[in-house]
Amino acid sequence: IYGRDEFDSETASYPTIGDLVSIRVNGVRAYPDVAWTGDGASVGISELKSSSGGLSGALPLQYSLGQNYPNPFNPSTVIPFSLKEAGHAQLSVYNLLGQQIKTIIDGELEVGDHQAVWDGTDGNGAVVASGIYFYRLDSSAYSETKKMVLMK
């Protein structure tokens, strides 16, 4: 962004010192808006968030599926993941035989850091047995699977 130039009609609406400027990273709106201080101002990307509530971290540069915690767990566990692009995502849990036992998330999500909680139940709400389970994140451009242990 370049500052205002009163003599050029194309830049006459550019920000003046003190105006709030919104920032986009890879086409995604970043928060907070930044007060324009003049040409040469900079903002660290680690300060930018992907939601106005500031609950997510800096805008992710890649997809990722984190390790659940705690692991082993009882009765529930948190599964962190990041989406580089907004879109449809599905997070599911599978048993050792590869059978899908529960879908935790299945819908449209914004870019950014997310987390889901699995309560150790199947799709019908029944508590599953102790053992090793896999969780898988699928989106249009990314897929990854990790292992977790439910110990009662």
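**Burial and surface.** I started with burial: of the chain's 152 residues, 33% count as buried. I kept in mind that this is a predicted model. Next I looked up the surface. The chain exposes about 9,100 Å². Carbon and sulfur atoms supply 51% of that area.

**Elements.** I listed the secondary structure next. I found nine strands and zero helices. From the N terminus on, the run reads β-β-β-β-β-β-β-β-β. I then checked contacts between residues at least 6 apart in sequence. Of these, 43% join residues at least 24 apart.

**Sheet.** I traced an open sheet of four strands. Their order is S6-S5-S8-S9, and the pairing is antiparallel. Which strands stand at the edges? I noted S6 (100-109) and S9 there. Each has a single partner strand, so one side of each is left without a neighbour in the sheet. On average it is 15 degrees, direction ignored. For S8 and S9 I counted eight bridges, in the antiparallel sense. Across this pair, Tyr133 stands opposite Met148 in S9.

**Aromatic pairs.** I searched the whole structure for ring pairs and got three. I took Tyr63 and Tyr142 to begin with. Their ring centres lie 5.3 Å apart and their planes meet at 10 degrees, so I logged the pair as stacked. Planes under 30 degrees apart count as stacked. Where do the two residues sit? I placed Tyr63 in the loop between strand S2 (28-35) and strand S3 (64-65). Tyr142 is in the loop between strand S8 (131-139) and strand S9 (143-150). The two are 79 residues apart, so I recorded the pair as a link between distant parts of the chain. Buried or exposed? I checked Tyr63 and Tyr142. Tyr63 counts as buried at 13% relative accessibility. Tyr142 counts as buried too, at 14%.

I turned to Trp118 and Tyr133. This aromatic pair is edge-to-face, with 5.5 Å centre to centre and 65 degrees between the planes. Trp118 belongs to strand S7 (residues 112-118) and Tyr133 to strand S8, 15 residues apart. I looked up their burial as well. Trp118 has a relative accessible area of 0%, so I noted it as buried. Tyr133 is buried at 7%.

**Cluster.** Which residues do ring pairs link into a cluster? I wrote down Phe73, Trp118 and Tyr133.

Definitions and conventions. Residues numbered from 1 in each chain as written. Predicted model: local features only at pLDDT ≥ 70, side-chain atom pairs only at ≥ 80, totals over all residues. Heavy atoms only, no water. Buried < 20%, exposed > 50% of the residue type's maximum accessible area, 1.4 Å probe, protein only. Contact = heavy atoms within 4.5 Å. Areas by Shrake-Rupley, 256 points an atom, 1.4 Å probe, with all protein chains shown as cover. Phe/Tyr/Trp six-rings, centres within 6.5 Å; stacked < 30°, edge-to-face > 60°. Pairing = 2+ DSSP bridges. Axes fitted to C-alpha atoms, helices over the stretch in contact; angles between N-to-C directions.
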